[in-house]
Amino acid sequence: MYVIAASAAVGIVVGKQAFGGFPKNLFNPALFGRLFLILAFPTALTPWLAPVDMVSTATPLRIFRDTGATTPIWNLFLGNIGGSMGEVSALALLLGATYLIYKKYANWRIPAGVLSAVAVIALLNGQNPLFHLFSGSVMLGAFFMATDPVTSPKSDSGRLIFGNGVGTIIMVIRLWGWVPEGTTFAILGMNYFVPFIKTEMQRIKANKEKKEG
């Protein structure tokens, strides 16, 4: 419990309030707290359990990193795998994401940018895009974390750029990084660039209006 409490405190105090609180925070507070957990208490995230017999097991991305073998897509889709709570079932995440987009709580362009970048990079590297889309925390990150309205761009083109950036960083870390998964690092990294994306989109819009005028 102390690990959860410490991570939550860091996310709220450092990730949110230190920047002026809502809606001035630059980084997603939940992911900021998770980053602290990854760095300060790495073993707290490692005892993955199989969903049926509840024995220790490796995640699909760890198996892929260590052996090159991929978990059956159907197992990934239904969530019959080991992993973090809330990220293992692609089906459940897609159902939740559909509701969020339907109710306009989340903009579809950000997850579209994330998922398209992941799929394209997987194909270019001769790998199954469905494995990379359904494994790890891509779905959770794309639909529920990257779409945070405070820490993501407001323009449609900016959202696509942001999403593409998140997906690209995820795949770079997965294929060539030091850890199997990089969704947390990818979203926080792109959070940092949101002000620059906003400035550039405003500049492009101003130049376009100037030419049309």
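Colleague: How many helices and how many strands does the secondary structure of the protein come to?

Modeller: Start by counting the elements. In this predicted model, the secondary structure comes to 10 helices and 0 strands. Walk along the sequence and you read α-α-α-α-α-α-α-α-α-α.

Colleague: Okay, what share of the contacts join residues at least 24 apart?

Modeller: For this you set aside contacts between residues that sit side by side in the sequence. Among contacts between residues at least 6 apart in sequence, 67% join residues at least 24 apart. V120 belongs to helix α6.

Colleague: What percentage of the 213 residues is buried?

Modeller: We call a residue buried when its relative accessible area is under 20%, and exposed when that value is over 50%. By that rule, buried residues make up 42% of the 213 residues here. V120 has 46% relative accessibility, so it counts as partly exposed. The protein as a whole exposes about 11,700 Å², and carbon and sulfur atoms supply 68% of that.

Colleague: And the inside? Which residues have the most contacts in the largest nonpolar core?

Modeller: A core is read as a group of buried nonpolar residues whose side chains touch. The largest one here has 39 residues, and those with the most contacts inside it are V114, L115, L133, F134, M139, F162 and V166. Take F134 as a case: leaving out residues up to four places away in sequence, F134 touches I73, L76, F77, A90 and M139.

Colleague: What about a residue in a loop? Is T71 buried or exposed?

Modeller: First find its place: T71 is in the loop between α3 (60–67) and α4. Then check the number. T71 has 14% relative accessibility, so it counts as buried. Leaving aside its neighbours within four places in sequence, T71 is in contact with P60, L76, I81 and F131.

Colleague: Let's do charges. How many salt bridges does the structure hold?

Modeller: The structure holds 5 salt bridges. In one of them R109 pairs with D156, with the closest N and O atoms 3.5 Å apart. R109 lies in helix α6 and D156 in helix α9, so this pair ties together parts that are 47 residues apart in sequence. R109 is buried, at a relative accessible area of 19%, while D156 counts as partly exposed at 37%.

Colleague: Which residues are linked in a network of salt bridges?

Modeller: R109, D156 and R159 are linked that way. R159 lies in helix α9 and counts as buried at 17% relative accessibility. The side chain of R159 also reaches the backbone oxygen of K154 at 3.3 Å. Not counting residues up to four places away in sequence, R159 touches N107, R109, I110, P153 and K154.

Colleague: And how far apart in helix α10 are E200 and R203?

Modeller: They are 3 residues apart, which means about one helical turn separates them. Their side chains meet in a salt bridge, at 2.4 Å from N to O. E200 counts as partly exposed at 31%, and R203 counts as partly exposed at 43%.

Colleague: Which residue does E181 meet in a salt bridge?

Modeller: The side chain of E181 meets that of R174, at 3.1 Å from N to O. R174 is buried, with a relative accessible area of 2%.

Notes. Residues numbered from 1 in each chain as written. Predicted model: local features only at pLDDT ≥ 70, side-chain atom pairs only at ≥ 80, totals over all residues. Heavy atoms only, no water. Helix = DSSP H or I, 4+ residues; strand = E, 2+ residues; numbered from the N terminus. Buried < 20%, exposed > 50% of the residue type's maximum accessible area, 1.4 Å probe, protein only. Contact = heavy atoms within 4.5 Å. Areas by Shrake-Rupley, 256 points an atom, 1.4 Å probe, with all protein chains shown as cover. Core = buried A, V, L, I, M, F, W, Y, C linked by side-chain atoms within 4.5 Å. Polar contact = N/O pair within 3.5 Å; in protein donor to acceptor, adjacent residues only side chain to side chain. Salt bridge = Lys/Arg side-chain N within 4 Å of Asp/Glu carboxyl O.
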